[in-house]
Amino acid sequence: MADLLKIYKKFYDIYGPQGWWPLSKKKTHARHHSGAPQCYGDRFEIIIGAILTQNTSWINVEKALHNLKKNKKLGRNFIIKMTRKKLAKLIRPSGYFNMKALKLKNAADFFSPVKSAALMQCNDLNYLRSELLAVNGIGPETCDSILLYAFAKPVFVIDAYTRRIFSRLGFIGEKLSYPEWQKFFMDNLKNAGNKTAVFNEYHAMIVAHAKMYCRTKPLCSECPLKKNCRYRQTGKGCLNS
Ligand code: SF4
C-alpha cells in the first residue's frame with residue numbers, strides 16, 4: 001500500500017495549511033478560509049470559481065470574478081438573468097468565455113439554495129457525483145472540486161498536477177483514467193482520519209508542490225521528495241501502470 005499519508009505529512013511540514021478555497025474579498029484580492037463555506041453566497045462563489053478555472057490559471061479566474069463582483073453580478077440570480085453575451089464579456093479573462101458563460105448559467109440553474117441545502121445533507125458520494133456530473137459543463141475534476149470545497153464532502157480531486165507528481169514519484173501511471181487515479185488515493189487514504197480536511201489540504205499542497213518544485217521542467221535537485229522519486233532516479237515516471 002502506498003504511504004500517501006507520509007507524503008501528506010511531509011507536504012504539511014513544508015507548505016503548512018493552505019486554507020483553500022480562495023474566495024474574493026470586497027475589492028480585488030483573494031482571501032482564504034478553511035472548512036465548509038459558511039453561507040450560500042460563499043458556496044456559490046466556489047462553484048463559479050471551479051468552473052471558471054477549467055483550462056486556465058487561477059490568476060485569470062480572479063480577474064473574471066473581480067469583473068463579476070465589480071459589476072455586482074457575482075450571484076446566482078444575476079447569472080440567471082444576465083444575457084449569455086453579457087456574462088461572457090465579464091468572464092472573458094478566464095478564457096473559453098462563451099462556453100463558460102453557458103456552463104455558469106447551467107450551474108446557476110442547478111445549484112439553487114434549496115438544491116444546495118439538499119446536497120449538503122446528503123452523504124451518498126455516488127449519488128452526489130451522479131447529480132453533479134449530469135449538469136452540462138461539470139466534468140469529474142470540477143465535480144469533485146465542488147463536492148470537496150463547496151460541500152465539504154470527502155472526495156479526492158485529481159488534476160494534472162496530481163498526475164504529474166505522483167506518476168513521477170512512481171506510484172501510478174499518468175495515463176490511467178480519472179476513476180483509477182481517484183480510487184488509488186481514496187483507497188490509500190482510507191485511514192486518514194478527517195478525510196474532508198485531509199483531502200482539502202492535500203490537493204491544495206499538491207498544487208503548491210507542482211508550482212514550487214515539480215514543474216513541467218522539474219527542480220529535482222532542490223525537491224524535498226527527491227530521495228524517493230522514480231523520475232529523479234531514472235529520468236522517467238510511470239505512464240500506464
Ligand atoms: S524529485 Fe523532481 S520529479 Fe520528483 S517530485 Fe521532486 S520535482 Fe517532481
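Is the crossing of α2 and α9 left-handed or right-handed? I found the crossing of α2 and α9 to be right-handed, the near helix being turned clockwise from the far one by less than a right angle.

I worked from a predicted model, in which local features need pLDDT of at least 70, side-chain atom pairs count only at pLDDT 80 or more, and totals for chains, interfaces and linings use all residues. Residues are numbered from 1 along each chain as its sequence is written, and side-chain values use heavy atoms, with hydrogens and water left out.

**Helix pair.** I looked up the packing of helix α2 (residues 40–52) against helix α9 (residues 140–150): the angle is about 155 degrees and the axes lie 9 Å apart. Helices here are DSSP runs of H or I, at least four residues, and strands are E runs of at least two, numbered from the N terminus. Axes are lines fitted to C-alpha atoms over the stretch in contact, with angles from 0 to 180 degrees between N-to-C directions. The angle therefore makes α2 roughly antiparallel to α9 (over 145 degrees).

I noted R43, I46, I47, A50 and I51 of α2 in contact with T142, S145, I146, Y149 and A150 of α9 (heavy atoms within 4.5 Å). These residues divide into seven nonpolar, two polar and one charged; Ala, Val, Leu, Ile, Met, Phe, Trp, Tyr, Cys and Pro count as nonpolar, Asp, Glu, Lys and Arg as charged, and the others, Gly among them, as polar.

**Lining of the largest pocket.** I recorded α12 (195–212) among the elements that each supply at least two lining residues. α12 gives the most, with five residues.

Definitions and conventions. Parallel < 35°, antiparallel > 145°, perpendicular 65-115°, else oblique.
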